[in-house]
Amino acid sequence: MKSVHISELAWPEYDARVRDGRTPVLIPVGALEQHGPHMSMNPDVLLPTAISERVADRIGALVAPPIAYGYKSQQKSGGGNHMPGTTSLDGMTVTCTIRDVLKELARHGVRRTVLVNGHYENSAFIVEGVDLAQRELRWDGIRDFSTVVLSYWDFVTQDAIDAIYQGEFPGWAVEHGGVLETSLMLHLHPHLVDMHKVCDHAPAQFPPYDFFPIKPEWTPASGCLSSAKRASAQHGETLLKVCVDGISKELMTAFD
């Protein structure tokens, strides 16, 4: 099987595979962010990368090196940027990084790109980066460059949610460090998870507004916004399959 990773190719092979513009390039976009005492701080990079690899193998795409830092962790979706270990970028930096990477890929001949987001807070800045890249590429006469932007959790089916959460799904907003990410990590990178250190507590509850500067006491002491007690490698296998299946299916037709 050919490597799907751009970084592992010599330049002539890469050039041959992308110069006609038909080969899609997937770019995982993550973050370095705490995920509780039971898990490493890199799931937001490892998970979209693993999904991108499998999707790329199915649809004949390539995977670019992941963008490993993301926008600032927000209290109601990631625990907050005050947590130790979380290392973030300003929104403008995320946007400019996305813009520059897309423009460079276009310079190589790439015309189909997919941004696979693994960090909720990145979303708006990814879209802004895409918009700026496409605008500036048009200035250079490139008008056939297209991009799909997706977050992998949006492809988790209701059937999978029902089977895994048994009617106790807390919602994606407070799934930070919870069952989804922990299960996927148990399946893909079990050496980076210690289930004995899971803090079993109720989902975090926040008022219907944001407050700045943040109030650290609003974030559970664990840094997680819900419990990962239900997590398992088996659930992770299920979640990986539905995400890869769903994304692959959509991308097979997205660029037609």
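**Charges, fold and ring pairs**

The chain has 22 positive and 31 negative charges, and their mean positions are 5 Å apart (Lys NZ and Arg CZ against Asp CG and Glu CD, without His or chain ends). This is a predicted model, in which local features need pLDDT of at least 70 and side-chain atom pairs 80 or more, while totals use all residues. Residues are numbered from 1 along each chain, and side-chain values use heavy atoms, without hydrogens or water.

The chain holds 8 helices and 4 strands (DSSP runs of at least four and at least two residues). In sequence order, these elements run α-β-α-β-α-α-β-α-β-α-α-α. The C-alpha atoms fill a box of roughly 55 × 40 × 30 Å along the principal axes. Of the 256 residues, 51% count as buried (under 20% relative accessible area; exposed is over 50%, partly exposed in between, with a 1.4 Å probe).

The chain has 5 aromatic pairs (Phe, Tyr or Trp ring centres within 6.5 Å; planes under 30 degrees apart are stacked, over 60 edge-to-face, the rest tilted). Tyr71 and Phe125 form a tilted pair, with centres 4.3 Å apart and 40° between the planes. This pair links distant parts of the chain, 54 residues apart: Tyr71 sits in the loop between strand E2 (62–63) and helix H3 (75–78), and Phe125 in helix H5 (residues 123–139). Tyr71 counts as buried because its relative accessibility is 18%, whereas Phe125, at 22%, counts as partly exposed.

Tyr209 and Trp218 form an edge-to-face pair, 6.1 Å centre to centre with 70° between the planes. Tyr209 is partly exposed, with a relative accessible area of 44%. Elsewhere, Tyr165, Phe169 and Trp172 are linked into a cluster by ring pairs.

Terms used
Rings of Phe, Tyr and Trp (its six-membered ring) pair if their centres lie within 6.5 Å; planes under 30 degrees apart count as stacked, over 60 as edge-to-face and the rest as tilted.
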